[in-house]
Structures are given as C-alpha cells and as structure tokens.
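Trainee: I would like to go through this model with you, taking one question at a time.

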Amino acid sequence: ALPIFVHWYLYRSRAATVTPKFLVLGPSGAGKTALITTLERGAPTATHTSLTPLTIAAPLPATHTPSSARYRSTNDAALRLVPILFTDTPGHGKLRHLALGLITPAPPTPPPTGLIFVVDAAALSSEADNAGLRDAAEYLHDVLLALQRAYERAKSSVAREIPLVVVAGKLDLFTALPAGVVRSLLEAEIGRVRETKARGIVGVGKGGDGLGGEEVVEEGALGGRAEGKFEFGVMEEWGIKVSVVGGNVRGEGPGVTGLWDWVAGQI
Ligand code: GDP
C-alpha cells in the first residue's frame, strides 16, 4: 500500500483539474438517493430529506477502467484514487429549477462531467395517461432543452459535449420494464410533451407582434422541431449523447454495474 501522504498528493494534484462530477436528477422517489449511497457504500441508506443537495464521493470500482486510462501503459492506480463526485438533486416539481440551474452553471463554475437521470422503471407504463411516465418525460424534456439552449448560447469553441445516462431503476421489481422499453416509452412521451409545449407557445405568439408563431416554435423546440417522432439520437446535434442503462439497488438484478460502466466511459 502507498503511504498516506502519497494518496493525499495524488488526490490533491489531480483533484484540482480532473475531479469528475456527476449530477443526479430525476423525479421524486425514483431512487436517486438510494442509488448514490449504493455507489458510495455498496448498499442503499435512508432517504435524504434535506433540501440541500447531497454530494457523495466514490472511487471507481477496481472492476472498471476509466476510458482515459485505457490506452496508457502506466498503472492507472492514480486515477482510481480520484474520487468521483455524485450530487443528488431535489426531484420535487417545485424544486426542479434548482437542479436545472446546476446543469448549466454560470462561468467560471465548470459544467458537470455528465448527468445521471434516474427513473423508476416500475412506475412507467404505456397505459394512457400514466402520470409517472408523463412526469418523468416532462422533467427529462426540460433537462435536455436546458442543455440544448446552453449549447446554442455557447460560442462553438467552448460548447462542450455532455453525456446523459437514463437509469431505468428498480429492475428487481417484477413490474419494472426493461431498459429498452423505458427508452422507447420516454422518447414517445417526450415527443408528446414537446408538441403540447409548442402548442402553448404558438398560442402566445399569435396574440402578439406579428412574428410567425410557428417559426419561433420550430427553432426553439427540443431537437429543433415541435412535431413528429422524438428520438434521443437527434440530441447529438447539440452535443448531448444519451444512453439508457438498467439497474437496481435492492433485490435481484443487474445492480449498478451498468451505471459504473457508463461512468468509467466518461472519465
Ligand atoms: P429519490 O427521491 O429519487 O432520492 O428516491 P429514494 O432514493 O429516496 O428512493 C425512493 C424509494 O424507492 C425508497 O423507498 C427506496 O428504498 C426505493 N428504491 C430505490 N431504489 C430501489 C431499487 O433498486 N429497488 C427497489 N425495490 N426499491 C428501490
């Protein structure tokens, strides 16, 4: 084992530049706190009820290799010592603006390394008017739109790609839908959310200044258009790479391996 001061030195020397920070978002009750406490300790702990975001630090498990170390001949022990920070955010509808503010912070605060959007895969279903699906899709729509706007605002030289993973959680529950189904349900529902919001904006635009309401909407909508099928893939045009992985922190299932795989790929 390395002497403690070497750990400290490695930690300090890298931490200044490369401490990876992930922001954890999603509706209330999706399992965000249970997920990050599992990343930290291997098992979920009691729900965090405070309004202040909870940040935990966890090293990458020895079973995973950071993508930045993959082609290095040197031992990547130093990288492993760098803790990865995960910040939980409040999922309640009225507090989501706090989370949205953290996604695209004002400079000089660096943006997060990536975003982890947690959904309860047992609370979504394709049945008409599923409130869980609608709520998750609305929130994810707003997150993606905030990223799209930030990308458009940034000068192209500083616009940064941002990865987002949707965790289809609670896969141990027998009512949970597999990750692939969660993906298509969310895409379809986000398409509907986008259309609904566009109609709202058209209504406002028409009352006013002679600007073509439709055109304004087409430009501002998520993925560049307000109608038709929405797919996560279109977001790559704005530097947003969306992945979907399944996971669970209780019972039997794939656990958090898929999420660690994704995290390792981003650092
Ligand atoms: P948050 O509001 O998103 O932070 O959600 P919590 O982490 O507080 O989790 C909400 C509830 O879901 C808690 O009762 C958790 O124990 C439960 N939960 C979280 N993850 C899982 C899981 O993978 N499987 C099961 N069965 N329950 C889970």
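Trainee: Is Lys170 buried, partly exposed or exposed?

Mentor: This is a predicted model, in which local features need pLDDT of at least 70, side-chain atom pairs count only at pLDDT 80 or more, and totals for chains, interfaces and linings use all residues. Residues are numbered from 1 along each chain as its sequence is written, and side-chain values use heavy atoms, with hydrogens and water left out. Buried means under 20% relative accessible area, exposed over 50% and partly exposed in between, for a 1.4 Å probe and protein chains only. With a relative accessible area of 27%, Lys170 is partly exposed.

Trainee: With which residue does Asp120 form a salt bridge?

Mentor: A salt bridge is a side-chain nitrogen of Lys or Arg within 4 Å of a carboxyl oxygen of Asp or Glu. Asp120 is buried, its relative accessible area being 16%. The closest N and O atoms of the bridge are 3.1 Å apart, and the partner of Asp120 is Lys170.

Trainee: How many residues apart in sequence are the parts that Asp120 and Lys170 tie together?

Mentor: Helices (H or I, at least four residues) and strands (E, at least two) are DSSP runs, numbered from the N terminus. The salt bridge joins Asp120 and Lys170. Asp120 lies in strand β4 and Lys170 in the loop between β5 (162–169) and α6 (179–206), so the parts tied together are apart in sequence by 50 residues.

Trainee: Which residues are linked in a network of salt bridges?

Mentor: Side chains of opposite charge can pair when their charged atoms come close. In this model, the side chains of Glu189 and Arg134 meet in a salt bridge at 3.1 Å, N to O, and that pair links helix α6, where Glu189 lies, with helix α5, where Arg134 lies, 55 residues apart. Glu189 counts as buried at 8% relative accessibility, whereas Arg134 counts as partly exposed at 25%. The network consists of Arg134, Glu138, Glu189 and Arg192.

Trainee: In which helix do Arg199 and Glu195 both lie?

Mentor: Arg199 forms a salt bridge with Glu195, with the closest N and O atoms 3.7 Å apart. Arg199 counts as exposed at 56% relative accessibility, while Glu195, with a relative accessible area of 29%, is partly exposed. The two residues are four apart, about one turn of the helix, and that helix is α6.

Trainee: How many salt bridges does the structure hold?

Mentor: The bridge of Asp120 with Lys170 is one that I have described, and that of Arg199 with Glu195 is another. For the structure, the number of salt bridges is ten.

Trainee: Which residues form one aromatic cluster?

Mentor: Rings of Phe, Tyr and Trp (its six-membered ring) pair if their centres lie within 6.5 Å, with planes under 30 degrees apart counted as stacked, over 60 as edge-to-face and the rest as tilted, and by this rule the count comes to five aromatic pairs. The ring centres of Phe22 and Trp262 are 5.7 Å apart and their planes stand at 65 degrees, so this pair is edge-to-face; Phe22 lies in strand β1 and Trp262 in helix α8 (residues 257–266), so parts 240 residues apart in sequence are tied together. Phe86 and Trp260 also form an edge-to-face pair, at 5.8 Å centre to centre and 80 degrees between the planes. The cluster is made up of Phe22, Phe86, Trp260 and Trp262.

Trainee: Which residues does Thr87 touch, not counting residues up to four places away in sequence?

Mentor: Thr87 lies in strand β3 and counts as buried at 16% relative accessibility. Contact means heavy atoms within 4.5 Å. On that basis, Thr87 touches Phe22, Leu23, Val24, Pro53, Leu54 and Thr55.

Trainee: Against which elements do the buried residues of α2 pack?

Mentor: Eight of the ten residues of helix α2 (residues 32–41) are buried, so the helix is largely enclosed by the rest of the structure. Among the buried residues are Lys32, Leu35 and Ile36. The elements they pack against are β1, β2 (55–58), β3, β4 and α8.

Trainee: Which are the buried residues of helix α4?

Mentor: What covers the buried residues of α4 includes β1 (21–25), β4 (114–120) and α5 (131–153). Helix α4 spans residues 96–103, and its buried residues are Arg96, Ala99 and Ile103.
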